[in-house]
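Have the structure open as you read along.

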Amino acid sequence: MLGDVVSWIVEGAIVDVDGARPGYVRFQRGAVTEVGTLGTDSTRGRVRRIRGIVVPAPVNGHTHLGDAVSDREPPHAPIEEIVRAPDGYKFRLLADTPPGPKRRAMRAALGRMRAEGVAATLDFREEGLEGTRLLRAASRGTGVRTVIFGRPLRRPVDRTEVERLLDVADGVGISSALEEPERVRSLLASACRRRGKYYGLHASEVRRESPDSYLKPRPDLLVHLTFATRDDLEAVVEAGSTVAVCPRSNALFGRRPDLATFAKVGVPTMLGTDNAMFHAPSMLREVEFAYVTARLARRPVPPGFLVRAAYIEPWRFLGRPRWARVQAGGPGRPLVFRLPPEQPEYQLATRATEHLIVRPGPRDP
Ligand SMILES: [Zn+2]
């Protein structure tokens with residue numbers, strides 16, 4: 001297979017932070033060594049070639065990997081009831097599962113993401129410091145950078161608990177402004193600021209909330225905004241927050257983020273697969289579902305917007321913009337899809353499956 005070939009070239013299209021364009025990418029021992037316009041490579045035809053699309057590795061913008069312990073169809077109940085702490089279905093399940101099986105379930109979910117080329121995930125991990133530690137342990141050696149938004153449990157906020165959590169977590173992710181008063185949110189957000197960590201929360205998921213509530217204090221990350229109006233989205237852009245949307249998870253409860261408006265307003269958007277008890281953590285499925293359901297609702301969203309949300313925007317959010325660029329000697333590990341290079345963003349949004357991923361070689365992942 002190609003993995004054994006030391007040097008090869010993908011001819012077709014490149015889709016990265018600089019946009020979609022025809023081009024070629026040369027890989028040597030798994031690393032990108034040349035990028036250019038078609039027909040200008042230095043190999044004079046001596047190297048094996050395939051047709052395809054090269055794109056930065058995707059990032060899952062929102063997960064709850066702890067939920068991967070579930071192996072049943074969750075009850076048909078409102079989402080608030082399923083995920084309500086501490087007695088909803090989800091939290092009872094988490095409480096009833098010992099750490100070993102929980103760690104293995106999270107690790108398996110990360111392995112599955114890895115098989116689809118996902119390089120990082122942003123996870124809201126419940127269960128306090130213990131839950132954060134368990135995910136940190138589960139992620140070791142998986143090759144998926146696991147950005148953990150932990151959740152401190154004590155109320156009123158216990159500073160020592162928060163500081164200890166932030167020693168392990170990359171930030172704090174809370175349920176929502178409906179459940180946490182401003183005083184709690186402010187304490188948590190300022191602890192995150194002081195430590196250079198992320199602060200995030202769910203917002204406007206089951207009904208519209210006023211941006212005044214979830215934007216104060218200013219979050220780095222908002223999740224859902226299913227019920228946000230155009231004005232709300234403009235306020236979010238103004239505040240400089242990034243939004244992770246989860247179309248499959250919302251659809252299960254009869255809801256849909258209006259991504260056409262997100263695109264028009266220019267909301268910095270990522271896509272996430274949300275609770276692992278509802279869906280496989282597949283970014284390829286998430287992107288396709290977002291595209292198809294936008295068409296279904298007669299509110300089409302440009303495929304390029306969805307591709308940016310999955311493959312490019314998260315690297316900006318994570319402060320690693322070079323990972324969003326396909327370049328010689330770059331730090332990222334771009335994916336190659338054996339797909340037609342015509343309209344490459346459309347191909348990636350609707351026709352990409354993990355079987356079409358070509359592994360770039362021995363250094364690969
Ligand atoms: Zn969530």
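Helix axes here are lines fitted to C-alpha atoms over the stretch in contact, and the angles between N-to-C directions run from 0 to 180 degrees. Please keep in mind that this is a predicted model.

With that in hand, look at helix α3 (residues 99-115) and helix α4 (residues 128-139): their axes come within 8 Å and cross at roughly 50°. That angle is why α3 counts as oblique to α4. The crossing of the two helices, α3 and α4, is right-handed. On the α3 side, the contact is made by Pro99, Lys102, Arg103, Met106, Arg107 and Leu110, which meet Leu134, Leu135, Ala137, Ala138 and Ser139 of α4. Sorted by class, this contact of α3 with α4 holds seven nonpolar, one polar and three charged residues.

Next comes the sheet. Nine strands make up an open sheet with parallel pairing, in the order β12-β11-β10-β9-β8-β7-β6-β5-β13.

| Edge strand | Residues |
|---|---|
| β12 | 269-271 |
| β13 | 274-275 |

Strand β11 (residues 242-245) pairs with β12 in the parallel sense over three bridges. Alanine 244 has methionine 270 in β12 as its bridge partner.

Our last stop is glutamine 28, found in strand β2 (residues 19-28). Glutamine 28 counts as partly exposed because it has 18 C-beta neighbours inside 10 Å. Leaving aside neighbours within four places in sequence, glutamine 28 is in contact with Val6, Ser7 and Thr33. From the C-alpha atom of glutamine 28 to that of arginine 104, 76 residues apart along the chain, the separation is 35 Å.

Methods. Residues are numbered from 1 along each chain as its sequence is written. This is a predicted model: local features need pLDDT of at least 70, side-chain atom pairs count only at pLDDT 80 or more; totals for chains, interfaces and linings use all residues. Helices (H or I, at least four residues) and strands (E, at least two) are DSSP runs, numbered from the N terminus. Angles under 35 degrees count as roughly parallel, over 145 as roughly antiparallel, 65 to 115 as roughly perpendicular and the rest as oblique. A crossing is left-handed if the near helix is turned anticlockwise from the far one by less than a right angle, and right-handed if clockwise. Two residues are in contact if their C-beta atoms, placed from the backbone, lie within 7 Å. Ala, Val, Leu, Ile, Met, Phe, Trp, Tyr, Cys and Pro count as nonpolar, Asp, Glu, Lys and Arg as charged, and the others, Gly among them, as polar. Two strands pair if DSSP finds at least two bridges between them. A residue is buried if 20 or more other C-beta atoms lie within 10 Å of its own, exposed if 12 or fewer, and partly exposed in between; C-beta atoms are placed from the backbone.
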